[in-house]
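Here is a short briefing on helix packing and salt bridges. Take a look at the model before reading on.

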Amino acid sequence: MASGQEEKPQRQGQHGIVVARPFGIPVYVSPYWFVIAGVFIVIYANDLSTSLHGSTRYVVAAAFVVLLYLSVLVHELSHSVVALGYGLPVRRILLYPLGGISEIEREPQTPGREFCVSAAGPALSLLLGAAGWGLTRVVTAGIGGSLVRQLMFANIIVGIFNLLPGLPLDGGRMLRALVWKLTGRPATATIAAAWVGRVLAIALLVIPFYSGELSGGDMVSTLWVVVIAAFMWIGAGQSIRATKFRERLPELQARRLARRAISVPASTPLAEAIRQADASRARAVVVVDHDNRPIAIVNEAAVMATPPQRRPWIDAGSMARTIEPNLVLSADLSGMALLEAMRRAPASEYLLVESSGQVYGVLAAKDLDHVFAGV
């Protein structure tokens, strides 16, 4: 089972069911969890068929799966509690079929804190494994002994696996902290740890096949290896894209991306509005009322879809979208503040204004694609 942390917040209520709120942190369970948990129960119950019979083996298998995910929850809570101790808000914990994720809203302030937050999960998993080993000295037989042994091995495996030094695993974040400390560049550290994660994903697939360990027709083991390798590859790729995204944010400035605009009355023929824009080297047209106040923005997509021969007979106002209050943005917005303002009111064009209320220009949403090209 895999575990990790994310700094990219997601909207609540769309990815699972809230089952608990330890330390005030909502714990979500993915709907797919119930399906995969059922599969785990059937597989484990079949493994127990030689020692247990009837419905008992399914009860034991269900108890093991529940306890296993409780161990994953404790693992994630350790990340979250340490993060809270450093003043980092935790949006939620999500338990999904392959493990869990702690959604931490901000990145730790220093490499040392990053290392501590990341190491907390594997450390607690190994501690639970050690506690399970101690219990095996006391509970040695029967169903209880079987459950204790299985949980001991599960926590040890989870702890060791998550210490592998590649993103998106905890060990990858620990490696990131070390590279961050050495280079002083968190973005470089993320890229390095993510590529190590990709190498580990490939190794996870190649080494077992090369050594012949999965050549005996064990389809379940083969499927698990493929799924875990895919999880690591995808997670590493997401880390790389998120880093590139953050590096591009400084380029996201409303003033820099603004299109020069001309103003025309709503009754102006579309062809004439386009002619005036071309003459002024403007790339946007704003419709104004009789008091010369902007009331709408001509939609570029609608203009492009209108055949040139029809444009003299169509008013510019019929091609425009009314400017609602949330479509008026400050020309000083940049970075995440600009993105959040646009996310609150999705549109193809926005009116940019100065603090005095004077129109600065028009911001086209499509122009943001050039900033994030290749991300």
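A salt bridge here is a side-chain nitrogen of Lys or Arg within 4 Å of a carboxyl oxygen of Asp or Glu. Glu107, Glu114, Arg173 and Arg176 are joined in a network of such bridges. The model is predicted: local features need pLDDT of at least 70, side-chain atom pairs count only at pLDDT 80 or more, and totals for chains, interfaces and linings use all residues. Numbering starts from 1 along each chain as its sequence is written, and side-chain values use heavy atoms, without hydrogens and water.

**Salt bridges**

- The whole structure holds 14 salt bridges.
- Glu300 pairs with Arg259, with the closest N and O atoms 3.1 Å apart. These partners lie 41 residues apart in the chain.
- Arg259 is buried at 4% relative accessibility, whereas Glu300 is partly exposed at 27%. (Buried means under 20% relative accessible area, exposed over 50%, partly exposed in between, with a 1.4 Å probe and protein chains only.)
- Arg283 and Asp367 form a salt bridge at 4.0 Å, N to O. The two are 84 residues apart.
- Arg283 is exposed at 53%; Asp367 is buried at 6%.
- Glu272 and Arg275 meet at 2.8 Å, N to O.

**Helix packing**

- Helix α2 (residues 56-85) packs against helix α3 (residues 111-136) at about 145°, with axes 8 Å apart. (Axes are lines fitted to C-alpha atoms over the stretch in contact; angles run from 0 to 180 degrees between N-to-C directions. Helices are DSSP runs of H or I, at least four residues.)
- Contact residues (heavy atoms within 4.5 Å) include Ser71 and Val74 of α2 and Cys116 and Leu128 of α3.
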